[in-house]
Amino acid sequence: TANDAANADVIGGLDAFFLIFAGALVFFMQVGFAMLLAGSIREKNVANVLLWNLLDSAGGALAFWSIGFALAYGGDTPGGPKTFVGNTGFFLATEGIDLHFWFFQFAFSCAVSSITAGAVAERTKMTAYLFFSFFLVGFVYPVCAHSYWSYNGFLSAFTAEPFMGQGVIDLAGSGPVHMCGGAAALVMCVILGPRMGRFYDSEGNLRDEPKPMGPHSVTLMFLGTFGLWFGWYGFNPGSVLFISTDNQGNVAGLAAVNTTLGAAGGVLAGLITSTIIGARKTGLYEWDTTAAMNGGLTGLAAITAGCASVEPWAGFLIGIIAGWIYLSASKLILKLKIDDAVDAIPVHLFGGAWGVIACGFFSNPARMAASGVPTAHVGVFYGGGGTLLGIQILAVLFVFGWTSVTFVPFCLGLKALNMLRIDELEEEVGMDISRHKGPAYRPEVVDEGAIDNLNQ
Amino acid sequence: TANDAANADVIGGLDAFFLIFAGALVFFMQVGFAMLLAGSIREKNVANVLLWNLLDSAGGALAFWSIGFALAYGGDTPGGPKTFVGNTGFFLATEGIDLHFWFFQFAFSCAVSSITAGAVAERTKMTAYLFFSFFLVGFVYPVCAHSYWSYNGFLSAFTAEPFMGQGVIDLAGSGPVHMCGGAAALVMCVILGPRMGRFYDSEGNLRDEPKPMGPHSVTLMFLGTFGLWFGWYGFNPGSVLFISTDNQGNVAGLAAVNTTLGAAGGVLAGLITSTIIGARKTGLYEWDTTAAMNGGLTGLAAITAGCASVEPWAGFLIGIIAGWIYLSASKLILKLKIDDAVDAIPVHLFGGAWGVIACGFFSNPARMAASGVPTAHVGVFYGGGGTLLGIQILAVLFVFGWTSVTFVPFCLGLKALNMLRIDELEEEVGMDISRHKGPAYRPEVVDEGAIDNLNQ
Amino acid sequence: TANDAANADVIGGLDAFFLIFAGALVFFMQVGFAMLLAGSIREKNVANVLLWNLLDSAGGALAFWSIGFALAYGGDTPGGPKTFVGNTGFFLATEGIDLHFWFFQFAFSCAVSSITAGAVAERTKMTAYLFFSFFLVGFVYPVCAHSYWSYNGFLSAFTAEPFMGQGVIDLAGSGPVHMCGGAAALVMCVILGPRMGRFYDSEGNLRDEPKPMGPHSVTLMFLGTFGLWFGWYGFNPGSVLFISTDNQGNVAGLAAVNTTLGAAGGVLAGLITSTIIGARKTGLYEWDTTAAMNGGLTGLAAITAGCASVEPWAGFLIGIIAGWIYLSASKLILKLKIDDAVDAIPVHLFGGAWGVIACGFFSNPARMAASGVPTAHVGVFYGGGGTLLGIQILAVLFVFGWTSVTFVPFCLGLKALNMLRIDELEEEVGMDISRHKGPAYRPEVVDEGAIDNLNQ
């Protein structure tokens, strides 16, 4: 009828509006990443990582437009057979692709890349980063996204015959986005090796404590953290993808609430726990800003999977545990002498993995149903036994395995070709001077005499 | 009918979308506050106030989730009896709460807390701030919000029998948000006392002029001011709460226009007036960036109450007067030797109070009706006599009274327990070094020899 | 029927929501401009340009509210006669103006002004900038907007008898916004002359290379660039103006995609081309952050016109060519000894002109029809012959001609009255100290002794 048509029209516009603005908020996470990374590292490589971040958007757009989107979602067919990757839509050259959907997914793909930029900062060659980032956004991430979210993905809850009758629970990508980026960062960090002087002094002796290398600006770190938290309100609620029914509105609302509580739990657990541990050792109550910020970001990376399938109390709890996981994982990688310049591995790899697994415990049947996934198997705490938990663990292993299997040879290849790491002198001086025409900050001394003259 | 149902469905989704995105913009005000406060103070306490800001969000989420929301809106019943506070919905554990509404209100509650963070900076103990902030968001603010906005609030225009047949006019919270935060800041500043050396020199002699303590970065202040102005487009238009009718769209549009003109009026009045006053004294035309920024923010705090009930010309005028009020109030508190590190008291307490009172003068009957409040009494300039003005003044006194009555004993208690103020040495060194593991900025000198080697 | 009415109601609310939030994103471009400009220049004038930016918003609001909007859109009548300017709606004092439309257009008008702020930085008097900005937003820009977009504009595609049966293609303002701002900047830069010492040394000898004057902070430049890119997702998709049909959703989606690809093309072309050119000269691969950022911004300025009428591949190509245009134009104006402190002329004037012209080549008939413009003449590459191209070139000439014709006498007048340029001593010391009560950054040295005491 005419009314149905009118309604369909409004719905079409409304849903496009939703994804465009949610996508814009996700894009804002690029601001967040850029400022967080820049703040976290040493002054001499700031312009370098900021440029990488811009290339995560620009090169990411090229990679996702040319190849990535087609592999992730090209030719998605509800009810169709399972596939490893999609196969149409390269360069958006296929009819009928929803462009607002492409835009939203593009913004996601940039985030994957930006997760890695900070971890490998201060020692990676510019071209290496470009290849690495293109490979990640164009190929490795799309396979993860396809598996989790496509109508034809083998782990997806949206296929005709979902995995184990259920499929993996991950609304917004703790697995395909955060873990994938985090795992790529881990591989690259291990193969690159640490920054000069980080674990050993100039004579090759192991330091008692790793040498601090940054942050050069705590202010920028906070700016970035707030920017990411803000953008996450596009990332998680936006992943509901449609907002034209009352139910979708409620699901998106739950996602916003859980995003808030997950972040809050992570901040509080990261901050308070590190303060108490420190005070037990030294007797002094110090409040570690980095623990608060990265705790919160780990909470966000974790709540991303279950934001639409767990209750608010569980969202808060997932955040708290994420804060603890951050503190432990951050220590662990230092112990393993892995040098992650911005702690992206603890935040995104460990936080993301915890988030996917947490869905196996906390997924609530009613919330799952509302968010449009099967409820054949539900969270352990809702009497679901271990099946959903098993699926979630498998999904974690898949992302980690796939990302490692593709990145280890890729990075080793770059290394063999001597394309991976900058030379020592460049590392000492910093890439801003060596490669980017000067330092990021150029203060200037005004002639005191002139000031005196002016004042007369 | 099916069409009615379809429409109801679209409306449900649309209204949720509106509040989620408006809430995200309000959350962005956290970025604005953080950067404004950090920029306004001295370098040595920057990490400290930034952490407070993050805790306004994280601890605020906990406070508002556990207690605050329930007291503010729990069990709201249209047409029900008047109550002092709500009583259900603790931890969101009651069925049927609109989660997008919770999210939007959470973002508001963070703003109340962030208003105070700057004022008391550079001398308050970390734990004191945490208690203070929790008490504010969890208890004091919710009572204000309940009174003004609940279906059961005693001042509310939305009750069955609104106060004086009318109820208070305050769409978005010049009273419950800005005045409440500003009044809490005032109480705390008075009880804390000024920063060391602010009004007296090291020998205890009164200075001719208060010693400037900040800003350490005008750039950050502008970033924060713009961020706040941007976020205000969620704060004010979002407070219409629904956007699924033509009328609601118009009301939200008016709110956006008035927000713009209120800010503009405040910037221009603050800047130009201070320039003229200065030029009369010194003969030199100087343009004070702080007067422009804080004038604008005072305009925003003021237009928040009447943004949907006054005409655009009145919005601009309210902003201009707000700019003047800022300049006067800022001088006044210095004269009273109250040390507000970021001028939050002039901006939010005085600006907020002016905004509530201004509604008594400028509220336009047609605009009031469109925004859904009674029109039993309208603005003085529309022939309403003094009744609405009286209601508005009473509403101002209520917020100020309630906030003072609760905070004076609370802060005196903290003081008595010696939990309020850091010790002198810590104040001299700054809290970043004493409590947060190092300064906010850590520049690094690159070896000149290495640069020379590189250039060869 | 009741259902029609219900639908109309939802549509009214939805469309208002769309423009309010798109307008807020456009307003966020003020943050972007502010940070980009501040970062690009020397430290000693940072507070000054930031204040200008705030006045672009505040003074811009006054200018656009009082005069600008009325001239641009006042009394717009579908099917009515062609007019040079509108003539009602001064101070929004006419009934029936859509306030959300006003708000969206206000945010555009601020952007025009902010484009110019950076170009003329570090040497323009405060009052000159105020007059200049008011004249631009209140009068010069509105004529451009009216001509391109009004129902009664002589170049408009939306009139009863559009120009050449077609009218100009420019969805979001490569012409009226970016070119207009860029042309005003060019006029002002030429009449002002370069900053002291930029092209000649203190003895008046021509330098081999212009003396670098900034950036003082590459970090702020990136923050600004990302902020602008983000805001552009309001600027371009928002210019569809309505989002209540499926088709409008698709058009807005295309605008978002093209915005992304145009930016990406510009970043990549600017960066890679400048690197290759540099390496050919010096043998060293350097990656110029400014070329990447300004290349991207030129891509954005260019794709603004055709974002809804060209295919994604064309969007990317337009961006690439924009990147090249930036590099060439930036060199050209230096050769002409025009001193544009932030390269606004290459980005906005040249980028904007290219964007309008590109529509003459790439406009796709189906996309044009969907976006609601006639298809009497289409792009050269779609068999449209040269007519549309001719229209577009004429539209470019109009904006450039009109802006020059109005600004040349205006700026010469200011110069004749000695109101244009600050004196030499002030220029040497910087305007922050001379006019804004102190430098933008005020670091502070904490007494080492106190730190030692604390640590004991």
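User: Where is A:Pro215 found?

Analyst: In the loop between α5 (174–192) and α6 (218–238) of chain A; helices are DSSP runs of H or I, at least four residues, numbered from the N terminus. This is a predicted model: local features need pLDDT of at least 70, side-chain atom pairs count only at pLDDT 80 or more, and totals for chains, interfaces and linings use all residues. Residues are numbered from 1 along each chain as its sequence is written, chains are lettered from A and ligands numbered from 1 in the order in which they are written, and side-chain values use heavy atoms, leaving out hydrogens and water.

User: What kind of peptide bond joins A:Gly214 and A:Pro215?

Analyst: Most peptide bonds are trans. The bond between A:Gly214 and A:Pro215 is cis, with omega about 0 degrees. Over in chain C, the bond from C:Gly214 to C:Pro215 is cis too, omega near -5 degrees, and C:Pro215 lies in the loop between α5 (174–192) and α6 of chain C.

User: And phi? What is the value for A:Met164?

Analyst: Most residues other than glycine have a negative phi. A:Met164 has a positive one, near 55 degrees, in the loop between α4 (126–149) and α5 of chain A. B:Asp343 is positive as well, near 60 degrees, and is found in the loop between α9 (312–335) and α10 (344–362) of chain B.

User: Is B:Asp343 buried or exposed?

Analyst: Buried, at 13% relative accessible area; the cut-off for buried is under 20% (1.4 Å probe, protein chains only). For a whole helix, look at α3 (residues 99–119) of chain C: 20 of its 21 residues are buried, so it is largely enclosed by the rest of the structure.

User: How much area do chain C and chain A bury between them?

Analyst: Interface size is often given as the accessible area lost when the parts come together. Here it's about 5300 Å² (1.4 Å probe, summed over both parts), with 77% on carbon and sulfur atoms. On the chain C side, C:Thr219, C:Phe226 and C:Trp287 lose the most area to chain A, together 14% of what that side buries. As for contacts (heavy atoms within 4.5 Å), 64 residues of chain C meet 63 of chain A.

User: How many salt bridges are there between chain C and chain A?

Analyst: Look for a side-chain nitrogen of Lys or Arg within 4 Å of a carboxyl oxygen of Asp or Glu. The count is one: A:Lys437 pairs with C:Asp288, their closest N and O atoms 3.9 Å apart.

Technical notes. Buried means under 20% relative accessible area, exposed over 50%, partly exposed in between (1.4 Å probe, protein chains only). Helices (H or I, at least four residues) and strands (E, at least two) are DSSP runs, numbered from the N terminus. Buried area is the accessible area (1.4 Å probe) that two parts lose on being put together, summed over both.
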